[in-house]
Amino acid sequence: LQAGYLTPPDIEKVRAIFVKGFREGLSINEMAKEMDKKVKFKDLMQMKTDTELKLTTANIPILAITSEARSNIIVRTESTRLAAEGSLSQYAENDIEKVRWVASTGVRTCPICEEEDGNVYNIEEAYGLIPAHVFCRCTWIASGLNDM
């Protein structure tokens, strides 16, 4: 909590906003505005370890993300996560065994996603890999049998 992490009640509010947003077809910006109304975000600080804040030489916590930016970051990143998991679930239900990582390539593509672009995974190994980071824009596509 000292680092600015969300509390369990705040996480439930975020979940409810996603459920409502997807049901009603809200845009990312609309969901972010709804989140700003219902969740009191704090600045998010960098962590040195799981329990220790990263500090400057003057013992001041180092800012990772401002409170104003958090709703947009959460909505964008978690939308990517939910879309990736939904795709994997649909592929699994249709007996697709392999998926290919697809990065949104361009000047904003990070080294992690650039390296993963085109890699093929067994579907059960793919869960939890995307998003690879905050603001990740990657996705999965079904992959053919002779891709590996």
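**View 1. Crossing of helices α1 and α2 in the predicted model.** In this predicted model, α1 passes α2 in a right-handed crossing. Helix α1 covers residues 8–24 and helix α2 covers residues 28–38. The two helices pack at an angle of about 150°, and their axes lie 10 Å apart. Because angles over 145 degrees count as roughly antiparallel, α1 is roughly antiparallel to α2.

**View 2. Residues at the contact of α1 with α2.** From α1, the contact is made by Lys13, Val14, Ile17, Phe18, Lys20, Gly21 and Phe22. From α2, Met31, Glu34, Met35 and Lys38 take part.

**View 3. The largest nonpolar core.** This core holds 15 residues. Val99, Trp101, Cys113, Cys138 and Trp140 touch the most other members. The elements that give two or more residues to the core are α3 (67–93), β3 (98–102) and α5 (123–126). The largest share, three residues, comes from α3.

**View 4. Surroundings of Cys138.** When its neighbours within four places in sequence are left aside, Cys138 is in contact with Thr80, Trp101, Val102, Ala103, Cys113 and Ile130. Both Trp101 and Cys113 are, like Cys138, among the residues that touch the most other members of the largest nonpolar core.

How values were computed:
Residues numbered from 1 in each chain as written. Predicted model: local features only at pLDDT ≥ 70, side-chain atom pairs only at ≥ 80, totals over all residues. Heavy atoms only, no water. Core = buried A, V, L, I, M, F, W, Y, C linked by side-chain atoms within 4.5 Å. Buried < 20%, exposed > 50% of the residue type's maximum accessible area, 1.4 Å probe, protein only. Helix = DSSP H or I, 4+ residues; strand = E, 2+ residues; numbered from the N terminus. Contact = heavy atoms within 4.5 Å. Axes fitted to C-alpha atoms, helices over the stretch in contact; angles between N-to-C directions. Parallel < 35°, antiparallel > 145°, perpendicular 65-115°, else oblique. Left-handed = near helix turned anticlockwise from the far one by under 90°.
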